[in-house]
Amino acid sequence: MTDASGAPRLTLLRGDITEQQVDAIVNAANSSLLGGGGVDGAIHRRGGPEILKECRALRASHYGRGLPTGQAVATTAGRLPARWVIHTVGPVFSASEDRSALLADCHRNSLLVADELGAQAIAFPAISTGVYRWPVEDAAVIALRTVSQSPTRVEEIRFVLFDDRALAAFQQAADSLGLSAN
Ligand code: ADP
């Protein structure tokens, strides 16, 4: 359900994204689309080989050189409760170069793909905050600001945070942006 303003409902919770009962979960993939560690590894492990099969097909067709940073593409979610996985490639954090526009692109483009699919509920992990080292307090502000400013037909946007620190960072960011979340 959207609220009275038509904006999607925003939910923040601590959990494992592979367990979410939503239409689409977002994967913090790497550009190879062929799997990795962290949330990517968990999604492929629990979703089964169908996901990798579609990723390989994407590499053989549209994305011969890999999925560029900031872009998003969907596959089946295999055996996961979700219907689709939306793979997006976050930027590696850099202290010397501002890559926040690319992190925003991940969120905006994932929502565009969700709209194309007709997804009503979508779950995001804290993209780039693991192996790609983005400080979670900063990533949370970028993520929440971007999704709250992106026009979408998605009705629920859920952020699934893997630990207490990430959850606290997202709650704090929502407060600082004046967004209501539950
Ligand atoms: P990136 O390469 O974009 O940094 P990672 O997968 O290394 O991606 O980390 C992104 C975030 O996902 C981190 O905050 C990590 O703690 C979190 N994470 C790892 N596994 C899961 C999971 N199963 N569900 C939700 N979040 C997860």
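This is a predicted model: local features need pLDDT of at least 70, side-chain atom pairs count only at pLDDT 80 or more; totals for chains, interfaces and linings use all residues.

User: Which residues in H4 are buried?

Analyst: Here's the general idea: an α-helix has 3.6 residues a turn, so residues three or four places apart point the same way. In H4, the buried ones are Val 136, Ala 139, Ala 140, Ile 142, Ala 143, Leu 144, Thr 146 and Val 147. As for its length, H4 covers residues 136-149, 14 residues in total, and spans 20 Å from first C-alpha to last, close to the 20 Å expected.

User: Is Thr 11 buried or exposed?

Analyst: The cut-off for buried is under 20% relative accessible area. Thr 11 has 11% relative accessibility, so it counts as buried. Thr 11 sits in strand E1. Leaving out residues up to four places away in sequence, Thr 11 touches Glu 156, Ile 157, Arg 158, Phe 159 and Asn 182.

User: And the ligand: which residues come nearest?

Analyst: There are 15 residues around the ligand, and the nearest are Val 39, Ser 128, Thr 129, Gly 130 and Val 131. For polar contacts, look for pairs of N or O atoms within 3.5 Å. Asp 16 puts a polar side-chain atom 2.9 Å from a ligand nitrogen. Ser 128 uses a backbone N or O atom, 2.9 Å from a ligand oxygen, while a polar side-chain atom of Thr 129 lies 2.7 Å from an oxygen of the ligand.

User: How much of the ligand's accessible area does the protein cover?

Analyst: The protein covers 89% of the 570 Å² that the ligand has on its own.

How values were computed. Residues are numbered from 1 along each chain as its sequence is written. Side-chain values use heavy atoms; hydrogens and water are left out. Helices (H or I, at least four residues) and strands (E, at least two) are DSSP runs, numbered from the N terminus. The expected span of a helix is 1.5 Å times one less than its number of residues. Buried means under 20% relative accessible area, exposed over 50%, partly exposed in between (1.4 Å probe, protein chains only). Contact means heavy atoms within 4.5 Å. A residue is near a molecule or strand if one of its heavy atoms lies within 4 Å of it. A polar contact is a pair of N or O atoms within 3.5 Å; within protein, one must be able to donate a hydrogen and the other to accept it, and residues adjacent in sequence count only if both atoms are side-chain atoms. Accessible areas come from the Shrake-Rupley method with a 1.4 Å probe; for residues, only the protein chains shown count as cover.
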